[in-house]
Amino acid sequence: MSEVPKASGDAAQGGVRRIGLLFVHGIGEQKRFEHLTNSAREFAELMKLDDPGARVTVVDRTTDWKIPAGAPDPTSLAPVTVSVVSANGRDARIFECHEVWWADLGSRSGVIDSIRFWMWGLGQWCAPVFLDRDMEKACRAYTALRAGTGAPNPQDLASLQLQGDNIYKMVVQPPAVAGQFCLEMRARAMLALAALTAFVTLITWSLAKRVFAAIGGNAPSPTLLVQYIGDVRVYESRAVPGQTVLSDPACPVRVAIRRRMVTEMVAMAQRGFDGW
């Protein structure tokens with residue numbers, strides 16, 4: 001394993017800029033550091049294309065990485081480092097690349113997870129339904145109240161919840177449509193249509209797989225739907241006894257995902273980078 005090269009010449013005289021990069025993967029079954037290493041490689045290639053004469057070095061420490069997911073390295077060491085020294089030697093930058101990995105908390109493609117996914121998708125028609133909240137109005141009302149610039153619009157004020165005398169909470173659960181017959185029937189009809197679409201998608205996907213398999217001998221697996229949309233189910237689901245994460249017992253899985261994100265962001269801010 002090589003070390004990050006030192007800048008030489010004018011770059012050494014002008015100092016080296018240390019910049020932090022935090023990568024967060026999307027939905028799907030991502031292996032740890034898979035998104036980070038792929039993105040760092042593409043980033044290094046872009047740096048080389050931007051300045052063909054630049055010296056670009058990538059140090060990959062992911063193979064020997066011992067720190068568990070969700071816990072930043074106490075020594076502030078980065079799993080991947082990309083160093084760039086410009087062709088004229090006057091500009092040197094070291095990019096410390098870190099990752100927020102949460103795929104182990106997301107959906108899986110096993111039989112049980114597939115059954116849970118389809119039960120969730122087809123059961124959306126009976127899920128709780130809430131009215132939309134206009135957050136623009138809520139922000140406007142909150143700003144007016146805190147600045148003391150006058151009474152906010154009553155419609156804007158309805159978007160806020162009063163706590164005590166002078167404290168207002170913006171993040172509140174929207175009101176349910178239960179009991180409002182027209183709104184509830186319309187919402188449930190749309191959810192039923194979505195569930196029917198999911199069911200038809202399952203049938204047509206399976207049929208398409210058989211056709212492609214008969215023609216080409218291979219076809220994409222329908223578990224892709226479970227792997228990708230299943231993460232949406234995991235993120236929006238409530239806490240289930242016996243299925244929560246040790247770091248956040250009795251909390252929905254999304255709390256643990258957010259915890260990893262916030263932990264890495266705080267650690268990034270405390271590392272003394274010139275920018276991140």
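Two strands pair if DSSP finds at least two bridges between them. Strands (E, at least two residues) and helices (H or I, at least four residues) are DSSP runs, numbered from the N terminus. This is a predicted model: local features need pLDDT of at least 70, side-chain atom pairs count only at pLDDT 80 or more, and totals for chains, interfaces and linings use all residues. Residues are numbered from 1 along each chain as its sequence is written, and side-chain values use heavy atoms, with hydrogens and water left out.

**The sheet**

Four strands form an open sheet in the order β1-β4-β3-β2, with mixed pairing. β1 and β2 are the edge strands, each pairing on one side only. On average, neighbouring strands are turned by 20° against each other, direction ignored. β1 and β4 run parallel, joined by 8 bridges. Arg17 stands opposite Arg93 in β4.

**Helices on the sheet**

Contact means heavy atoms within 4.5 Å. Axes are lines fitted to C-alpha atoms, for helices over the stretch in contact, and angles run from 0 to 180 degrees between N-to-C directions. α2 lies across β1, β2, β3 and β4 and runs at about 160° to β4. Helix α8 (residues 253-269) also packs on the sheet, where α8 touches β1 and β4. The direction of α8 makes about 180° with that of β1.

The expected span of a helix is 1.5 Å times one less than its number of residues. The 17 residues of α8 should therefore span 24 Å, and its end C-alpha atoms are 25 Å apart, which agrees.

**Aromatic pairs**

Rings of Phe, Tyr and Trp (its six-membered ring) pair if their centres lie within 6.5 Å; planes under 30 degrees apart count as stacked, over 60 as edge-to-face and the rest as tilted. The whole structure holds 2 aromatic pairs.

| Pair | Centre to centre | Angle of planes | Type |
|---|---|---|---|
| Phe33 and Trp65 | 6.4 Å | 80° | edge-to-face |
| Phe43 and Phe95 | 4.8 Å | 75° | edge-to-face |

Phe33 lies in the loop between β1 (17-24) and α2 (34-50), and Trp65 in the loop between β2 (55-60) and β3 (80-85), 32 residues apart. Phe33 and Trp65 are buried. Phe43 lies in helix α2 and Phe95 in strand β4 (residues 92-100), so this pair ties together parts 52 residues apart in sequence. Phe43 and Phe95 are buried.

Key
Buried < 20%, exposed > 50% of the residue type's maximum accessible area, 1.4 Å probe, protein only.
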